[in-house]
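Please look through the sequence and the 3D structure below. The paragraphs that follow lead from charged pairs to strands, rings and a loop.

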Amino acid sequence: MTARRIAYQGEPGANSHLVCQQAYPDWEPMPCASFEDAFAAVENGDADLAMIPIDNSIAGRVADIHHFLPTSDLHIVGERFLRIQFSLMALPGASVGSLRTVHSHVHALGQCRGVIRELGLTPVVAGDTAGAAREVAESGDLTQAAIAPPLAAGIYGLQVLREEIEDEDHNTTRFVVLSRDFEQATAGEGPVVTTFIFNVRNLPAALYKALGGFATNGVNMTKLESYMVGGHFTATQFLAEVDGHPDDPGVRNALEELAFFTTEVKVLGVYPADAFRAE
């Protein structure tokens, strides 16, 4: 049988690759050059699922993803949280003292400022963390280092000079699992997250009224993100997440009340909450 494939953005050794291995160890990870390519791989059937980062505890939301989700035909069927760990790696034979530059994604460089400053290295922005490791491996230059997940060192034949160099030990990324099919979690079998988008009517206090039903029905809203629609500077579209299943009485009543003050409500996913939320 052909192995099922899960697409991710980045090169082999990226954090997205790592979380794919952890969550779907028997599946074939499929690297994609961009988020658009990862979405397209699932939409056209080249991959069965996609593993996409949506939020980071330090950097905040992954802006591109929040704009792709409302217009995509894909559905959220799961979530995973990954504690982000970065290593300083270089070619065999290099030492901390021989390093002059350090290469990585702009977010990774920003999350490892302490070690960069301590070692007096010049940061160089790369397309992604694993790509930086590959470029250092191909350079043959003992003065270059990369900041990347430990997985990348083994893939590209680099030696790890420092481990766990990130500035904050709470650095965590949340990923969502996307599918062509809408696979709704079963109600009553554990904690569930419901993600949806909605457009408010052009009325005074429309957002306040739209969200009131979640408060009065005791539904916990864990995310609310606004979007500019059609290039206008009036935020009329929102992405929201709540704890609970649409079949739960409180969530059902809140969504019914939401419909009175909106022009569209689209459920993107009803999926099991990752155990990380309870920790």
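What joins the side chains of K223 and D55? They meet in a salt bridge, with 2.7 Å from N to O. A salt bridge here is a side-chain nitrogen of Lys or Arg within 4 Å of a carboxyl oxygen of Asp or Glu. K223 lies in strand β13 (residues 221-228) and D55 in strand β3 (residues 49-56), so this pair ties together parts that are 168 residues apart in sequence. Helices (H or I, at least four residues) and strands (E, at least two) are DSSP runs, numbered from the N terminus. K223 and D55 are both buried. Buried means under 20% relative accessible area, exposed means over 50%, and partly exposed lies in between, with a 1.4 Å probe and protein chains only.

Some notes on the model belong here. The model is predicted: local features need pLDDT of at least 70, side-chain atom pairs count only at pLDDT 80 or more, and totals for chains, interfaces and linings use all residues. Residues are numbered from 1 along each chain as its sequence is written, and side-chain values use heavy atoms, with hydrogens and water left out.

A second salt bridge is formed by the side chains of R174 and E241, at 3.0 Å from N to O. Distant parts of the chain are linked by this pair, since R174 is in strand β11 (residues 172-179) and E241 in strand β14 (residues 235-243), 67 residues apart. R174 counts as buried at 5% relative accessibility, and E241 counts as buried at 1%. Salt bridges that share partners join D55, R61, E79, R174, K223, E225, E241 and R277 into one network.

The structure holds 13 salt bridges. One of them is between the side chains of E28 and R5, at 3.7 Å from N to O. E28 lies in strand β2 (residues 28-32) and R5 in strand β1 (residues 5-9), so the pair ties together parts that are 23 residues apart in sequence.

Together with helix α1 (residues 15-23), β1 and β2 make a right-handed β-α-β unit. A crossover is right-handed if, with the strands pointing away from the viewer, the path from the first strand over the helix to the second runs clockwise.

How many disulfides does a search of the whole structure find? The search finds zero. A disulfide would be a pair of cysteine sulfur atoms within 2.5 Å. For C20, the closest cysteine sulfur is that of C32, which is 9.6 Å away and therefore too far for a bond. C20 counts as buried at 0% relative accessibility, and C112 is buried with a relative accessible area of 0%.

Next come the aromatic rings. The structure holds six aromatic pairs. Rings of Phe, Tyr and Trp (its six-membered ring) pair if their centres lie within 6.5 Å; planes under 30 degrees apart count as stacked, over 60 as edge-to-face and the rest as tilted. The rings of F39 and F68 have centres 5.5 Å apart and planes at 65°, so this pair is edge-to-face. F39 lies in helix α2 (residues 35-43) and F68 in helix α3 (residues 63-71), so the pair ties together parts that are 29 residues apart in sequence. F39 is buried, with a relative accessible area of 5%, whereas F68 is partly exposed at 22%.

The rings of F196 and F214 have centres 5.9 Å apart and planes at 15°, so that pair is stacked. F196 lies in strand β12 (residues 192-200) and F214 in helix α8 (residues 206-216), so the pair ties together parts that are 18 residues apart in sequence. Both F196 and F214 are buried. One aromatic cluster is formed by F196, F198, F214 and F238.

The last stop is a loop residue. L99 lies in the loop between β6 (87-90) and β7 (101-104), and is buried, with a relative accessible area of 3%. Leaving aside neighbours within four places in sequence, L99 is in contact with L88, A90, L121, L142, T143, Q144, A145 and L161. Contact means heavy atoms within 4.5 Å.
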